[in-house]
Every structure is written in C-alpha cells, then in structure tokens.
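Please open the structure in your viewer and keep the sequence panel beside it, so that each selection can be followed in both.

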Amino acid sequence: MANDALLTVRDREELLSCVYAHAVAAQAGYSTAVYDYDRDGVDLRIQAGGDMRPAIELQMKATINLRTARDGDFRFELKRRNYDLLRINTQTPRLLVVLDLPKDKTQWMTISNDELVLKHRAYWRNLKGCEETDNRASVTVRISKGNLFDVKSLRDLMEQSRGGTIQ
C-alpha cells in the first residue's frame, strides 16, 4: 500500500482529539465552533443553551505518552506559550483537554459494522490562575484522573461556566 498520507502523526493526534471533543459536545446537545487559527491558545469553543448561554474554550492535545505519577495523577508536557495563554483571566473559561491515545496507531480508531470506536479517554485541566514559570520551552502540568472529559463532566463544566465558577 502506498504511503499517500498528507497529515503527520502529530496532525492526526490533534484532529482525533478534536473529534473526541466534538462527539462529547454533540452527545450533550451543545454546539461547537472551531477557530480558524490558533492565535490565542484555543482550538475549539463549546456552547450550551439556556440562561446566560454558557461556553467554554478548549486547547486540545493528544499523546501516546500520558505519564502517570506516583500520586496517580497524569503529567503532561505543555508548551510554555499554551500554558501562559490558558492561565490568564478570560471571560470565557479556557481548559486544557488531553486525549490519551494507545501507543499503537492502528488502535486509535476502529470501525466495524456495529461500532465506531475512538480509543482511550480525554482529561481536562483548568490552568486559570496557575503560577508563572521560569521554564522557557515547556511546563509539566498535573491532570487529575478524576477529570475525565465526558458528557457528564462537560455538563457540570457548563453549569460552572454559567455561574462563573469553573475550578
């Protein structure tokens, strides 16, 4: 089979992370908007209806190397630029969402007659208010295993956004 792929492995990881977020938002009944250019550290906006029309903005990442620390939480290496853009005060809450992919690329997504399966799961972290860093290139970010990005957590995050209280 010829290798006619236009996308790099990193491109594919990023697109699959966005697909994951779109699927979660669709199942929750929320609209999504993709930003044409990542100039402000945000890839995707998710918006709910109802009072206040709450929204959240996401910086999407994916990795085959999501490290687990001794405390059980994940560690993710984030570019300094993204870290700084996610930790500032904004009217619309911004979250980092990291999709944990299998090491074997052939297992990232499988399709059968009965299922479309995107493997593994994504986790979120709010970096608002995190301290400045002297690191020049990247920052290791701790992400709680309890912060699974799924329909329930997205609905909870929207309710927090509605009240201006995302933790």
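The stops below move from a surface patch to a sheet and then to salt bridges.

Keep in mind throughout that this is a predicted model.

Begin by selecting Leu6, Leu7 and Leu15, which together make a nonpolar surface patch of about 350 Å². Leu6 belongs to the segment that precedes helix H1 (9-28), and with a relative accessible area of 83% Leu6 is exposed.

Next, select Arg10 and Glu13, whose side chains form a salt bridge with the closest N and O atoms 3.7 Å apart. The two residues are three apart in helix H1, which places them about one helical turn from each other.

**The open sheet**

Now display S4, S5 and S10, three strands that form an open sheet in that order with antiparallel pairing. Strand S4 (67-68) and strand S10 (138-143) are the edge strands, each of them pairing on one side only. Between S4 and strand S5 (residues 74-79), which run antiparallel, there are two bridges, and if you select Arg67 you will find Arg75 of S5 standing opposite.

Within helix H2, select Asp84 and Arg87, which are three residues apart, or about one turn of the helix; their side chains meet in a salt bridge with an N to O distance of 3.2 Å. Arg87 counts as buried, its relative accessibility being 17% and the cut-off for buried being under 20%.

Finally, select Asp40 and Arg94, the side chains of which meet in a salt bridge at 2.2 Å, N to O. Asp40 sits in the loop between strand S1 (31-34) and strand S2 (44-47), while Arg94 is in strand S6 (residues 94-100), so this pair ties together parts that are 54 residues apart in sequence. Asp40 is partly exposed at 38% relative accessibility, and Arg94 is buried at 7% relative accessible area.

Over the whole structure, a search finds eleven salt bridges.

Key
Residues are numbered from 1 along each chain as its sequence is written. This is a predicted model: local features need pLDDT of at least 70, side-chain atom pairs count only at pLDDT 80 or more; totals for chains, interfaces and linings use all residues. Side-chain values use heavy atoms; hydrogens and water are left out. Patches are made of residues with over 30% relative accessible area and no salt bridge: like charges are joined within 9 Å, nonpolar side chains (Val, Leu, Ile, Met, Phe, Trp, Tyr) within 5 Å. Accessible areas come from the Shrake-Rupley method with a 1.4 Å probe; for residues, only the protein chains shown count as cover. A salt bridge is a side-chain nitrogen of Lys or Arg within 4 Å of a carboxyl oxygen of Asp or Glu. Helices (H or I, at least four residues) and strands (E, at least two) are DSSP runs, numbered from the N terminus. Buried means under 20% relative accessible area, exposed over 50%, partly exposed in between (1.4 Å probe, protein chains only). Two strands pair if DSSP finds at least two bridges between them.
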